[in-house]
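Dear colleague,

Please find below the structure that I am handing over to you. My notes on what was found in it follow directly after it.

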Amino acid sequence: MDYCKNIIAKFISAMQKRPGLLAVLAFLSGVASFALVDRKESFSQVIAIFLLISWLWLIIDNWLRDKVEEKFGVAVSPNVMRFALQMVQQESLFFALPFFLAVTQWDHPQAIFTSLIVLCAVISVIDPFYYKKLARNRTLFSVFHNFALFVVLLVTLPILLNLTTSQSLAAALVTAVVVTLPSLNNLMPNARWWRFPILVLILCALSTAVWQLRSYVPPAALRLTDITLAHEVDLQHKKPVGSIKQLDSYTLHHQGLYSWTAVKAPRGLNEKIFHVWLHNKKEVDRITLNINGGRELGYRAWTHKVNFPKDSVGKWQVKVVTESGQLIGLTKFTVTP
């Protein structure tokens, strides 16, 4: 037991002296996890279970330390737990980050959410800021901690439980709220009893606000591998014939357009998505598609639109969105007179 404690202490000491190395390892671990998950989805379940167990361990941190000391007579240093907490946060953020980077549309407000993940990941590896500024502020640290949990749940729940994007977002929000509740007393240790229900109401209000702004959250488990507009689709090979970025109004009304998409999703996931057609930023049509996950090149599907407004000249967009309104990807085309 003493031997293990010495090894752990030496490892922590070495990592604290070289915080840059820990940051590099966390980043490489995240990229490797993304690549392995992308290639072999069974591996993703192992990662998901590991991350969720590590978060559960952190939740019962104090109770677990007391039990270990009571049964084995070994006192776990708070420094060890703080370091472990930082490592789990880093691993969670860097594991989730490649998934969000792969799906984020940077000309869409969802870029704000992904940028926030990048910022938190950077903060988690800057030890002077992390320990001297963030960790000392109980409220800020609690927000940071639960945001990291929320982010990793958005990635792991669809992989592990085959939940849809909407279900995963709702489950991640509820879990983050439930996990935060036990720490509310720590945020205001000497506050009067009536402050607690007020904090709970504020927490619920913030969760409701996040749900209302869910279109800003990229659907991490889904990825658009291709989107093409064409006049024809090769039904035998399930491929579009050609690609259109500009056409005239006469051709549009007489031939219509196919919107062909390939969406990659975890194996076993059945998701309802929509092709949303917008003319000069106004929605004119919404067509439903059901996709099944597990295909290496993505689930290939298309919709054929022939009913266009009489005055169809202008800028068009076809957005691919989830049932909860989260943007998976889009393409643009122009109609000339």
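Leu-213 is placed in the loop between α11 (195-212) and β1; helices (H or I, at least four residues) and strands (E, at least two) are DSSP runs, numbered from the N terminus. At 45% relative accessibility, Leu-213 counts as partly exposed, where buried means under 20% relative accessible area, exposed over 50%, and partly exposed in between (1.4 Å probe, protein chains only). Leu-213 and Pro-109 are 104 residues apart in sequence, while their C-alpha atoms lie 9.9 Å apart in space.

Before going further, please note that this is a predicted model, in which local features need pLDDT of at least 70 and side-chain atom pairs count only at pLDDT 80 or more, whereas totals for chains, interfaces and linings use all residues. Residues are numbered from 1 along each chain as its sequence is written, and side-chain values use heavy atoms, with hydrogens and water left out.

The helices and the nonpolar core

The largest nonpolar core has 37 residues; such a core is a set of buried Ala, Val, Leu, Ile, Met, Phe, Trp, Tyr and Cys residues joined through side-chain atoms within 4.5 Å. Phe-100, Phe-113, Ile-117, Phe-150, Leu-154 and Val-155 are the members that touch the most others. Two or more residues each come from α5 (78-103), α6, α7, α8 (138-161) and α9 (165-180). The most are given by α8, with 13 residues. In soluble globular proteins, nonpolar side chains tend to be buried together.

There are also nonpolar side chains on the surface: Leu-101, Trp-106, Val-118, Val-122, Ile-126 and Phe-129 form a patch with about 510 Å² of accessible area together. Patches are made of residues with over 30% relative accessible area and no salt bridge, like charges being joined within 9 Å and nonpolar side chains (Val, Leu, Ile, Met, Phe, Trp, Tyr) within 5 Å. Accessible areas come from the Shrake-Rupley method with a 1.4 Å probe, and for residues only the protein chains shown count as cover. Ile-126 counts as partly exposed because its relative accessibility is 39%.

Strand β5 (residues 257-264) and β8 are joined in the antiparallel sense over seven bridges, and Ser-259 stands opposite Thr-303 in β8.

Another open sheet has five strands in the order β4-β10-β9-β6-β7, with mixed pairing. At its edges stand β4 (246-248) and β7 (282-292), each with a single partner strand, so one side of each is left without a neighbour in the sheet. Here the twist averages 25° from one strand to the next. Strand β6 (residues 270-279) pairs with strand β9 (residues 314-322) in the antiparallel sense over seven bridges, and with β7, also antiparallel, over ten bridges. Val-276 has Lys-319 as its bridge partner in β9 and stands opposite Arg-286 in β7. A hairpin is formed by β6 and β7 with two residues between them, and Asn-280 in the turn has a positive phi of about 50°.

Salt bridges

The count comes to three salt bridges, each being a side-chain nitrogen of Lys or Arg within 4 Å of a carboxyl oxygen of Asp or Glu.

- Lys-332 and Asp-107 meet at 3.9 Å, N to O. Lys-332 lies in strand β10 (residues 327-336) and Asp-107 in the loop between α5 and α6, so the pair ties together parts that are 225 residues apart in sequence. Lys-332 is partly exposed at 43%, whereas Asp-107 is exposed at 56%.
- Asp-285 and Lys-305 meet at 3.0 Å, N to O. This pair links Asp-285 in strand β7 to Lys-305 in strand β8, 20 residues apart. Asp-285 is partly exposed at 25%, whereas Lys-305 is buried at 3%.
- Glu-283 and Arg-286 have their closest N and O atoms 3.1 Å apart. Glu-283 is partly exposed at 44%, and Arg-286 is partly exposed at 40%.

With kind regards

How values were computed
Pairing = 2+ DSSP bridges. Axes fitted to C-alpha atoms, helices over the stretch in contact; angles between N-to-C directions.
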